[in-house]
Amino acid sequence: MTILYNSSLQKATFFLTGFQGLEDLHGWISIPFCFIYLTVIIGNLTILQVIRTDVTLHEPMYYFLAMLALTDLGLCLSTLPTVLGIFWFDAREIGIPACFTQLFFIHTLSLVESSVLLSMSIDRYVAICNPLRYSTVLTPARIVKMGLISVLRSALLILPLPFLLKRFQYCRSHVLAHAYCLHLEIMKLACSSIIVNHIYGLFVVACTVGIDSLLIFLSYALILRTVLSIASRLERLRALNTCVSHMCAVLLFYIPMIGLSLVHRFGEHLPHMVHLLMSYVYLLVPPLMNPIVYSIKTKQIRQRIAKKFVFIKSLRCFQ
């Protein structure tokens, strides 16, 4: 395949990649991906609808859950057009402005998810360690501020990345290894030194995911200390049970991230398919599993969803 490059950056083009060597099977491969995307969209929209319509769920814990669902929905929609475009129409070509826009949203929403998970851990810390002040500490106005800070912090830190990439000349192959655009992959195609991008990328990760993960660990250490001081075994289990869903969400976010980082750093000898699958796991598994986990493990959400289905079923019976 011939790769064309115009000296004008705005006319330059990248080429996305599906599953190399399996192009003839892309139609079949698209079926599980369609199922995953559909499940993500329906699951997160259901969570949002349940929280929006049920007044009893207008509490800090569920407001943060709604933020998580919105973030997961946005992350899913950021990759959907290019992934399914390749599988269905072999639409591999993507202009640099569109590529940089997708890159911005993917990285920004990933950092927002980390921030939301931190906010949810703060919610659990206050609820368990200082329950009498829960409603006064986590007021609606403060929750909105926490959400806005999460978005602004992530967007402002990621905003320089497209501009740092824009200054490069891309004289190497313009073929990307994934069906979407990522900063780490694009900067490797540059002809000149990428040390500034490397340093800034590490700085962003340290300031966001690094700090967030440490604070989440600290909050759970304090929660565990408080729980262990409770005399009643039943009360201890009840307190810990309120954290199970959030702990699952944290593991679903950080384990794929750590796995993908290890594969990129130490897995150069591994087949390309492993790198590809790990990147899809990182981007799709958290948005897919978070609504399922919260629907199963959170009694209030589970009951409200069950009522919705019963109500819809009863309406159909009268038709």
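Biologist: Is Cys99 buried or exposed?
Modeller: This is a predicted model: local features need pLDDT of at least 70, side-chain atom pairs count only at pLDDT 80 or more, and totals for chains, interfaces and linings use all residues. Residues are numbered from 1 along each chain as its sequence is written, and side-chain values use heavy atoms, with hydrogens and water left out. Buried means under 20% relative accessible area, exposed over 50% and partly exposed in between, with a 1.4 Å probe and protein chains only. The relative accessibility of Cys99 is 0%, so Cys99 counts as buried.

Biologist: With which residue does Cys99 form a disulfide?
Modeller: A disulfide is a pair of cysteine sulfur atoms within 2.5 Å, and a search of the whole structure finds one. Its sulfur atoms are 2.0 Å apart, and the partner of Cys99 is Cys181.

Biologist: How many residues apart are Cys99 and Cys181?
Modeller: Helices are DSSP runs of H or I with at least four residues, strands are runs of E with at least two, and both are numbered from the N terminus. Cys99 sits in helix α3 (residues 96-129) and Cys181 in the loop between α6 (160-166) and α7 (183-187).

Biologist: What is the hand of the disulfide?
Modeller: Cys181, at 0% relative accessibility, counts as buried. The torsion about the S-S bond of Cys99 and Cys181 is about -125°, so the disulfide is left-handed.

Biologist: Which cysteine sulfur is closest to that of Cys243, and how far away is it?
Modeller: Cys243 is buried, with a relative accessible area of 1%. The closest cysteine sulfur is in Cys129, too far for a bond because the distance is 8.8 Å.

Biologist: And for Cys248, how far is the closest cysteine sulfur?
Modeller: Cys248 counts as partly exposed at 27% relative accessibility. The closest cysteine sulfur is in Cys243, again too far for a bond, at 11 Å.

Biologist: What is the arrangement of the rings of Phe14 and Tyr170?
Modeller: Rings of Phe, Tyr and Trp (its six-membered ring) pair if their centres lie within 6.5 Å; planes under 30 degrees apart count as stacked, over 60 as edge-to-face and the rest as tilted. The whole structure holds 13 aromatic pairs. For Phe14 and Tyr170, the centres are 5.4 Å apart and the planes at 80°, which makes the pair edge-to-face.

Biologist: Are Phe14 and Tyr170 buried or exposed?
Modeller: Phe14 lies in strand β1 (residues 13-15) and Tyr170 in the loop between α6 and α7, 156 residues apart. Both residues are buried.

Biologist: What kind of pair do Phe19 and Tyr280 form?
Modeller: The ring centres of Phe19 and Tyr280 are 5.8 Å apart. Their planes are at 20°, so the pair is stacked.

Biologist: Which element holds Tyr280?
Modeller: Phe19 and Tyr280 are buried, and they are 261 residues apart. Phe19 is in the loop between β1 and α1 (26-53), whereas Tyr280 is in helix α11.

Biologist: Which residues do ring pairs link into a cluster with Phe19?
Modeller: One ring pair joins Phe19 and Tyr280. The residues linked into a cluster with Phe19 are Phe33, Phe87, Tyr180 and Tyr280.

Biologist: How far apart are the end C-alpha atoms of residues 28-51?
Modeller: The unreviewed UniProt entry places "transmembrane region" at several spans, including 28-51; such annotations, in the numbering used here and with shortened feature names, may be inferred rather than shown by experiment. Residues 28-51 are 100% helix and 0% strand, with end C-alpha atoms separated by 36 Å.
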